[in-house]
Amino acid sequence: MAEGREVLVHLTPQLCPPERLAGGLAVVIDVLRATTTIVHALAAGCTAIRPCAEIDEARALADALRPGRVLLGGERDGKPITGFDLGNSPQDYTDSRCRGAVLVLTTTNGTRAMLHAAAADRVLVAAFVNLAAVCEHLRGEARPIHVVCAGNGGRVALEDLVLAGAIADFSARLGPTRLNDGARLAQAAWGRYGGDVETALLESDGGVGLRHLGYEQDIRAAARVDRFALAPELRRDPVRVEADCDEDPLW
Ligand code: MLT
């Protein structure tokens with residue numbers, strides 16, 4: 001086996017027990033749409049994202065945080081949740097809505113994947129819109145890198161696999177790297193689209209589902225590679241995601 005740092009892609013959270021992540025750095029991905037939405041919300045001025053697995057838990061947390069500035073967002077079956085302020089469309093997280101607010105977010109797969117990955121030493125949140133910013137954090141990293149794809153209800157999601165491939169590819173170019181088979185598959189998927197992210201997202205099952213629901217604009221927003229120079233990081237006590245970098249859009 002070749003020497004070097006390990007880069008492991010887990011095609012779904014179910015394929016990676018939390019204890020496997022201990023001692024490593026996890027990069028959580030849910031391109032359509034949770035991690036894309038998180039990057040947009042932080043770039044638009046949310047001070048933190050509080051990921052919740054369940055709708056009731058999110059409602060209770062939002063109530064407990066009020067009267068502070070709180071937004072309650074998320075989706076089930078791709079659709080906004082009754083009584084919530086916002087759904088899961090990245091571009092709805094605008095400056096005027098987000099500035100100074102804590103976002104309590106619950107989504108079908110993405111927020112659960114984040115909570116699952118909290119077992120790692122360090123957890124970053126990636127989407128295509130902040131790919132380069134996240135990759136910069138991997139440069140000096142000696143710990144195993146676990147790319148955790150949220151997938152869709154235990155099924156592989158092409159859009160997550162392609163982004164995982166871009167990250168595996170970047171890491172492999174930094175020096176001797178040991179990839180698992182998930183990372184090799186992801187690299188192949190990334191190579192298959194030759195950087196045409198929008199086509200990959202439009203073709204994916206998740207993309208087709210979102211188009212049926214009328215959310216084609218969300219797919220186009222998710223395909224804007226490196227729009228933001230921001231690498232959100234999960235912090236603890238309480239579990240939350242915060243921005244640690246420049247919030248300005250690159251373009
Ligand atoms: C998820 O967490 O499963 C996604 O973000 C789903 C969606 O946005 O429709």
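1. Asp 77 is placed in the loop between strand 4 and strand 5 (79-80); helices (H or I, at least four residues) and strands (E, at least two) are DSSP runs, numbered from the N terminus. Asp 77 is not a glycine, yet its phi is positive, about 55°. Most residues other than glycine have a negative phi, and most peptide bonds are trans.

2. This is a predicted model, in which local features need pLDDT of at least 70 and side-chain atom pairs count only at pLDDT 80 or more, while totals for chains, interfaces and linings use all residues. Residues are numbered from 1 along each chain as its sequence is written, and side-chain values use heavy atoms, with hydrogens and water left out.

3. Two peptide bonds are worth checking. The bond from Leu 32 to Arg 33 is cis, with omega near 5°, and Arg 33 belongs to the loop between strand 2 (25-29) and helix 2 (34-43). Arg 66 and Pro 67 are also joined by a cis peptide bond, with omega about 15°; Pro 67 is in the loop between helix 3 (55-65) and strand 4 (70-76).

4. Polar contacts are pairs of N or O atoms within 3.5 Å. A polar side-chain atom of Asn 88 is 2.7 Å from an oxygen atom of the ligand, and an N or O atom in the side chain of Asp 30 is 2.9 Å from a ligand oxygen. From Thr 108 a polar backbone atom lies 3.4 Å from an oxygen atom of the ligand. On its own the ligand has 260 Å² of accessible area (Shrake-Rupley method, 1.4 Å probe), and the protein covers 93% of that area.

5. The ligand takes the space of the largest pocket, a pocket being an open set of points on a 1 Å grid over the protein atoms alone, where a 1.4 Å probe fits, with protein on both sides within 12 Å along at least five of seven lines. A molecule sits in a pocket if more than half of its atoms lie within 2 Å of its grid points. The volume, the space filled by probe spheres set on the points, is about 500 Å³.

6. The lining of the largest pocket (residues with an atom within 4 Å of a point) has 25 residues, with Leu 32, Gly 78, Asn 109, Asn 152 and Gly 206 nearest its centre. Helix 10 gives the largest share, four residues.

Technical notes: Polar contact = N/O pair within 3.5 Å; in protein donor to acceptor, adjacent residues only side chain to side chain.
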